[in-house]
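Here is a structure to look over together.

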Amino acid sequence: MKMQKITLVLLALLCCTGLFAQNNLISNTGARKSLSLNGKWQYIVDPYETGFYDYRYKELKEDNPDAYWNTDVQVNKTEKKEHGYIEKYSLEVPGDWNHQQPEFTFYEGTIWYKKSFDMEKAAAGSKYHLYFGAVNYRADVYLNGKKLGMHKGGFTPFNFEVPVSLLREKGNFLVVKVDNKRHADEVPTLNTDWWNYGGITREVKLIETPGTFIQDFVVQLKKNSTGKAPDKTPEVEGWVKLNQAPAAGETVTVEIPELKFKTSVPASGQTTALKFKLPKVQLWSPESPKLYTVIVSTQSDRTQDKIGFRTIEAHGIQVLLNGKPLFLRGISIHGEIPQEIRRAYSEQDAVQLLHQSFELGCNMVRLAHYPHDEKITRLADSLGMLVWSEIPVYWTIDFTSEEVLGKAKAQLEEMIVRDHNRASIIIWSVGNETPISPVRTDFMHSLLTRARELDNTRMVSAALEVNYNALNDKNIVDDPLGEFVDLVAFNEYLGWYGGLPDKCRTTNWDTPYHKPLFISETGGDAKGGFHADSLTRFSEEYQEWYFKEQVAMLKRMPAKFVGISPWVLADFRSPRRNNPLYQEGWNRKGFYDDKGNKKKAFYVMKGYYDEMKKKTLKK
Ligand code: GCU
């Protein structure tokens, strides 16, 4: 009993100190001096984790020559070396391993990655940080035989400080043990409707900073500081966080040259609050995605970012962007390039996904079900696409576990720290289709509360559960979690997972919450190019019919209906979809097929969006 109590206290401590969340995450790394470590890495595939455990399955000691983080150079011919990294076994970084080698298509386990690199002599007084855009799922990171740290979470960034003494000008030996095995007590858990791509899926770089540097900052407009009321002058409320306490007399300066704006305040500790008005600022919106160069500096450091200024809020049953009602013409997207059956990571990938969304007539994308690459949120900023960003608290997470809550909070914090200066992001979502229970609602409520603590300038939400038995012809979104979100969002598949599409004609939707209502998913499978009568499932005609009925129903939604993000932009890989004729490991609910061809349903949705766009413009 006593032991149990101690464990519980320790776990609680771990959670509240955010020990899971690495509170040294550096944001805006693109503006930092860095050495890219992208490119070819050598690898060892290690399903038995022989490089980590001894034959008694005990973790190998750091200096054990058999450990795969230790150099593979054979010192003398008598030495028995049973591991090594050679060019023949190479993988591209960034990139998932599944699409790079046929034998890795279904591989879930450990692969060791090794990168040797030279660098300029480490500058005295500088700090060095190994930064990873994302590694799916668990990453154990070693440099020159020393462990730098471990990170869990497949879709968010992390960095480890590298002691200068560990760095060499020649022959640095960087090893990452990547393990994408699924576990019940992880986030996501065992079961997902997407492919568990493994590997170092986003960029890797060695960042150089001054000893005391700007680790993170927020320069965003205070909620509801724009809009009609005469005294509404756009007002920034933000802060600048240093990596450590500043030297005496340190000041924090924010400049926006294009607005001839500059302000300096004395540093008030590791984090210094910012508050100032920007009367002349041109507000960011999808129609005019205006970005400003914002320079943040101290006596010892300087960084800059491209930032758009806008306000977003749920106001009664409306969503207001810069004080004006907004209708969300959305689409749900997976971080995948179907043509190459791989995870998306490049600028070009982001251009493809947003271009396809614009073609559909969208002004919003739901990046499902995990934080996507930073390139797509930055591109959304510059192209004017609104973004819903989500952490993979998906389906049956272990809601009873404090430890799992800690893991979810860590991913939430990493998602928000990376992107809290992105004007495009208007919604932080803490999860999708989580089954209702008191322990689940507490878990999710705790995440929503944490999201608000981390960022009170955006809406928070989640894809909620629907009560299909509430009333005869009315489905009610009365999920108890609805009380704590800003936007009441729900998924519905009327005509695919329930009945035929014409069921829409007699169905209505509502929620008891006096809040904006949003459909975060709806859709049906169609194999691209398969044509038949509209009653034939998996045909393009069935999907087309599905959306015709949906669109007609959307026109009868209550006044609080503010938009939709159908499921899904393009067909995507899923291990749960095994109809041998029409699916073959693909979820076929895309408006685009896996080759990038538009399906008939595309034109139904585009037609509806063009209509809604005209309506909005008239107002
Ligand atoms: C679910 C889920 C998606 C899934 C989709 C489907 O609602 O949120 O991840 O792919 O429905 O069934 O196709």
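What follows is a set of questions and answers about this predicted model.

Reader: Before we start, what kind of model is this, and at what pLDDT do side-chain atom pairs count?

Author: Residues are numbered from 1 along each chain as its sequence is written, and side-chain values use heavy atoms, with hydrogens and water left out. The model is predicted, so totals for chains, interfaces and linings use all residues, while local features need pLDDT of at least 70 and side-chain atom pairs count only at pLDDT 80 or more.

Reader: Let's go to the ligand: which residues come nearest?

Author: A residue is near a molecule if one of its heavy atoms lies within 4 Å of it. There are 14 residues around the ligand, and the nearest are Asp193, Tyr394, Glu433, Tyr497 and Glu521.

Reader: How far is an oxygen atom of the ligand from an N or O atom in the side chain of Glu433?

Author: A polar contact here is a pair of N or O atoms within 3.5 Å; within protein, one must be able to donate a hydrogen and the other to accept it, and residues adjacent in sequence count only if both atoms are side-chain atoms. For Asp193, a side-chain N or O atom sits 2.5 Å from a ligand oxygen, and for Tyr394 that value is 2.6 Å. For the side chain of Glu433, the distance to a ligand oxygen is 2.4 Å.

Reader: How much of the ligand does the protein bury?

Author: Areas come from the Shrake-Rupley method with a 1.4 Å probe; for residues, only the protein chains shown count as cover. The ligand taken alone exposes 320 Å², and the share of that buried by the protein is 97%.

Reader: Is Glu433 buried, partly exposed or exposed?

Author: Glu433 sits in the loop between strand S26 (425-432) and helix H5 (438-454); helices (H or I, at least four residues) and strands (E, at least two) are DSSP runs, numbered from the N terminus. Its phi is positive, about 50°, although Glu433 is not a glycine. Buried means under 20% relative accessible area, exposed over 50%, and partly exposed in between (1.4 Å probe, protein chains only). Glu433 has a relative accessibility of 22%, so it counts as partly exposed.

Reader: Which element gives the most to the lining of the largest pocket?

Author: On a 1 Å grid over the protein atoms alone, a pocket is an open set of points with protein on both sides within 12 Å along at least five of seven lines, a cavity is a set where a 1.4 Å probe fits but cannot get out, and lining residues have an atom within 4 Å of a point. The largest pocket is lined by 34 residues, with Pro325, Leu326, Phe327, Thr616 and Lys619 nearest its centre. Strand S19 (318-321), strand S20 (324-325), strand S32 (561-564) and helix H7 (600-618) are the elements giving two or more residues to that lining. The top contributor, with 7 residues, is H7.

Reader: Which residue caps the N-terminal end of H3?

Author: Among the residues nearest the centre of the second largest cavity are His372 and Asp373, and H3 is one of the helices that supply at least two residues of its lining. At the N-terminal end of H3, a side-chain oxygen lies 2.8 Å from the backbone nitrogen of Lys375, and the capping residue is Asp373.

Reader: Which backbone oxygen does the side chain of Arg202 reach at 2.8 Å?

Author: Arg202 is in the loop between strand S9 (172-179) and strand S10 (204-210), and its relative accessible area of 6% means that Arg202 is buried. A polar atom of its side chain lies 3.0 Å from the backbone oxygen of Phe155. The one at 2.8 Å belongs to Pro371.

Reader: What is omega for the cis peptide bond that joins Val187 and Pro188?

Author: Most peptide bonds are trans. Asn136 and Tyr137 are joined by a cis bond with omega about 20°. Pro188, in the loop between S9 and S10, is joined to Val187 by a cis bond with omega about 0°.
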